[in-house]
Amino acid sequence: MMRFALFLVSSLLAVGVHAQGFPNKPIKVVVPSPPGGPPDLIIRMLTNNLSAQLGQPVVVENRPGAGGIVGSAYVTKQPADGHTWLFTTASHVNTPPFNENVPFDPVKDFTHVTLAAQNFGQALTVPGNSPFKSVQELIEHARKNPGKMNYGSAGIGTASHIPAEVMKAMAGVDIALVPYKGVAEVMTDLFAGRIDLFFVGTQIAAQHHQKTGKAKVLALTGAKRWKGLPDVPTMQEAGFKDYNLINWFGLWLPAGASPELVSRLHAEMVKALKDENTLKQFDAQGLEAVGMPPAEFARYVAKESAFINDLARKIKAKK
């Protein structure tokens with residue numbers, strides 16, 4: 001009995017030491033898209049506070065490619081000790097169904113920590129000198145010129161691809177896809193008028209719609225308007241009944257992370273999200289802080305994955 005008691009005490013002490021030992025080196029946050037995109041901007045708003053809270057540098061590492069697949073696959077191969085994170089968008093579940101030979105399952109091969117933030121949808125954006133002043137005008141032109149218009153996508157299955165395909169399907173129009181490696185590249189070509197439209201995050205679209213004049217926003221894909229772009233209607237208001245697509249941003253670890261570690265990281269992220277300066281930045285960029293609990297987030301990811309798999313089958317069937 002005495003031996004068992006000593007063993008139990010020593011085991012508990014070992015667990016405590018292990019928990020207290022994290023983190024014992026810098027933390028790497030993998031963003032599977034180029035610098036300057038929405039997930040990159042959002043996590044960089046949080047890293048200073050997270051570094052201070054955890055007592056170790058929290059460093060962002062961009063690993064773009066294949067709509068997020070390259071960076072996400074890299075994370076699955078890392079130890080689940082909390083020192084490598086994945087921070088990305090809804091493309092985590094949106095991209096795999098549209099690609100072959102994806103080397104991971106977005107539900108089973110990750111530990112789900114939290115849905116950190118969400119926006120009011122993507123912004124249907126056109127060049128600043130575009131002749132279109134409304135979604136209706138754009139769609140009417142597309143109907144009269146099948147296959148002659150194009151849209152940019154930062155990756156198959158990403159939040160710039162899905163809204164466009166849903167719009168095309170609902171309106172019955174043919175608008176060609178032009179693939180890019182990241183948001184920044186698409187915006188450059190949009191400014192130059194080399195593409196006709198692009199669904200981009202509100203936090204990027206707003207600055208050009210209101211300040212630079214290089215682009216203008218015709219509609220938002222969410223169900224409600226955003227105060228940052230009060231003059232911009234929703235896709236529902238533009239005539240697309242039940243159209244409601246938002247982008248969300250989550251934090252994952254490799255599969256197999258301990259519940260204690262997940263709970264700790266969720267708590268640290270929630271604390272960082274409650275920072276007054278962070279909330280002001282989020283509000284200015286059209287973002288809402290969420291901090292969803294791990295178990296709820298896991299269910300959310302599974303539900304979103306099922307939805308997008310069904311949508312992908314329908315889109316492929318129409319081709």
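This is a predicted model: local features need pLDDT of at least 70, side-chain atom pairs count only at pLDDT 80 or more; totals for chains, interfaces and linings use all residues.
I started with helix α5 (residues 135-144), where Val135, Leu138, Ile139 and Ala142 are buried. Looking down the axis of α5, I see its buried residues fall within an arc of 95°, so they line one face of the helix.

Next I asked what covers the buried residues of α5. The cover includes β5 (122-127), α6 (162-171), β8 (197-201) and β9.

Then I went through the sheet. Its 5 strands form an open sheet in the order β7-β6-β8-β5-β9, with mixed pairing. β7 (176-179) and β9 are the edge strands, each pairing on one side only. From one strand to the next, the twist averages 35°.

I checked the pairings strand by strand. β5 and β9 are antiparallel over 5 bridges, and I found Leu124 bridged to Ala219 in β9. α5 packs on this sheet, touching β5, β8 and β9, and its direction makes about 95° with that of β9. β5 also runs antiparallel to β8, joined by 4 bridges; here Ala123 sits opposite Val200 in β8. Strand β6 (residues 150-153) is parallel to β8, with 2 bridges between them, and Gly152 has Phe198 of β8 as its bridge partner.

How many of the residues of β8 are buried? I get 5 of the 5, so β8 is largely enclosed by the rest of the structure. I also looked at helix α7 (residues 183-191), which lies across β5, β6, β8 and β9 and runs at about 135° to β8.

Asn247 is in the loop between β9 (215-220) and β10 (248-254). Is Asn247 buried or exposed? Its relative accessibility is 3%, and buried means under 20%, so Asn247 counts as buried. A polar atom of the Asn247 side chain lies 3.4 Å from the backbone nitrogen of Ala90. Leaving aside neighbours within four places in sequence, I list Asn247 as touching Thr89, Ala90, Gln118, Asn119, Gly121, Gln122 and Ala159.

His266 lies in helix α9 (residues 259-273). I have His266 at 14% relative accessibility, so this one counts as buried too. Which residues is His266 in contact with, leaving aside its neighbours within four places in sequence? I noted Val113, Thr114, Gly291, Met292, Pro293 and Pro294.

Terms used
Residues are numbered from 1 along each chain as its sequence is written. Side-chain values use heavy atoms; hydrogens and water are left out. Buried means under 20% relative accessible area, exposed over 50%, partly exposed in between (1.4 Å probe, protein chains only). A polar contact is a pair of N or O atoms within 3.5 Å; within protein, one must be able to donate a hydrogen and the other to accept it, and residues adjacent in sequence count only if both atoms are side-chain atoms. Contact means heavy atoms within 4.5 Å. The arc is that of the directions from the helix axis to the C-beta atoms. Two strands pair if DSSP finds at least two bridges between them. Axes are lines fitted to C-alpha atoms, for helices over the stretch in contact, and angles run from 0 to 180 degrees between N-to-C directions.
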